[in-house]
Amino acid sequence: MKPNLRVMRLRISDIPDIHELIDDETARETNLESPFTLTNAEIFVTIYNTYGAWENNKLVGAFEIKKDGELSYLVHRDERQRGVASEMLKMAPSVARRIFQVNTMYCNISSKNIASLKTAQKLGFDVKRYD
């Protein structure tokens, strides 16, 4: 069954949820600072253009959209392989059009993250790989 997500811009009150969402291993996998501290979570929420994806009042994923159309995303370790990334990626273009008037988006994904590469490509995103 596909997840029923609610996507909203992250707020200061979401900092503890972001800190829980991004454990140190996830931070390393996604090129975020590790260890991922509460200060890092605050920066993630207040400086970047980030959105959270909630299911049943639990933050299960987050994504960032940049002005040039770059989309970065991550999913809570316990929520992977359930379609959360796919649902977030389906929602992100409408957010990008509304906020930045961006019509073309791409994802910058580690070449080691095969599942994420496949998901983004399957949904039609241009993918830039990094090592």
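Biologist: Which residues is Met-105 in contact with, leaving aside its neighbours within four places in sequence?

Modeller: In this predicted model, Met-105 is in contact with Ile-65, Gly-69, Leu-71, Ala-92, Pro-93, Ala-96, Phe-125 and Asp-126. Each of these has heavy atoms within 4.5 Å of heavy atoms of Met-105.

Biologist: What makes a set of residues the largest nonpolar core here, and which of them have the most contacts inside it?

Modeller: Members must be buried nonpolar residues joined through side-chain atoms within 4.5 Å. The largest such set has 23 residues, and those with the most contacts inside it are Phe-63, Leu-71, Tyr-73, Met-88, Met-105 and Cys-107. At least two residues of this core come from each of E2, E3, strand E4 (70-75), helix H4 (84-100), strand E5 (106-110) and helix H5 (114-122). H4 gives the largest share, 7 residues. Apart from this core lies another, of 14 residues, among them Phe-36, Ala-41, Phe-44 and Val-45. In soluble globular proteins, nonpolar side chains tend to be buried together.

Biologist: How do you know that the buried residues of helix H3 are on the same side of H3?

Modeller: Helix H3 spans residues 38-46, and its buried residues are Asn-40, Ala-41, Phe-44 and Val-45. They cover an arc of only 135° around the axis, so they are on the same side of H3. Among the elements that cover them are strand E1 (6-9), helix H1 (15-21), strand E2 (50-55) and E3.

Biologist: How many aromatic pairs does a search of the whole structure find?

Modeller: The search finds 2.

Biologist: Why is the pair of Phe-36 and Phe-44 called edge-to-face?

Modeller: A pair needs ring centres within 6.5 Å, and planes over 60 degrees apart count as edge-to-face. Here the centres are 6.5 Å apart and the planes are at 85°, so the pair of Phe-36 and Phe-44 is edge-to-face. Both residues are buried.

Biologist: What makes the pair of Tyr-51 and Phe-63 stacked?

Modeller: The cut-off for stacked is planes under 30 degrees apart. The planes of Tyr-51 and Phe-63 are at 15° and their ring centres are 5.5 Å apart, so this pair is stacked. The pair links distant parts of the chain, with Tyr-51 in strand E2 and Phe-63 in strand E3, 12 residues apart.

Biologist: Why does Tyr-51 count as buried?

Modeller: Buried means under 20% relative accessible area. Tyr-51 has 5% relative accessibility, so Tyr-51 counts as buried. Phe-63 has a relative accessible area of 1%, so Phe-63 is buried. Ser-116, in helix H5, has 11% and is therefore buried. Leaving aside neighbours within four places in sequence, Ser-116 is in contact with Tyr-73 and Ile-109.

Biologist: Why does Arg-6 count as partly exposed?

Modeller: Arg-6, in strand E1, has 39% relative accessibility, so Arg-6 counts as partly exposed. Leaving aside neighbours within four places in sequence, Arg-6 is in contact with Gly-52, Ala-53, Trp-54 and Asn-57. Arg-6 and Asn-57 are 51 residues apart in sequence and 8.9 Å apart in space, C-alpha to C-alpha.

Definitions and conventions
Residues numbered from 1 in each chain as written. Predicted model: local features only at pLDDT ≥ 70, side-chain atom pairs only at ≥ 80, totals over all residues. Heavy atoms only, no water. Buried < 20%, exposed > 50% of the residue type's maximum accessible area, 1.4 Å probe, protein only. Helix = DSSP H or I, 4+ residues; strand = E, 2+ residues; numbered from the N terminus. Arc of directions from axis to C-beta. Phe/Tyr/Trp six-rings, centres within 6.5 Å; stacked < 30°, edge-to-face > 60°.
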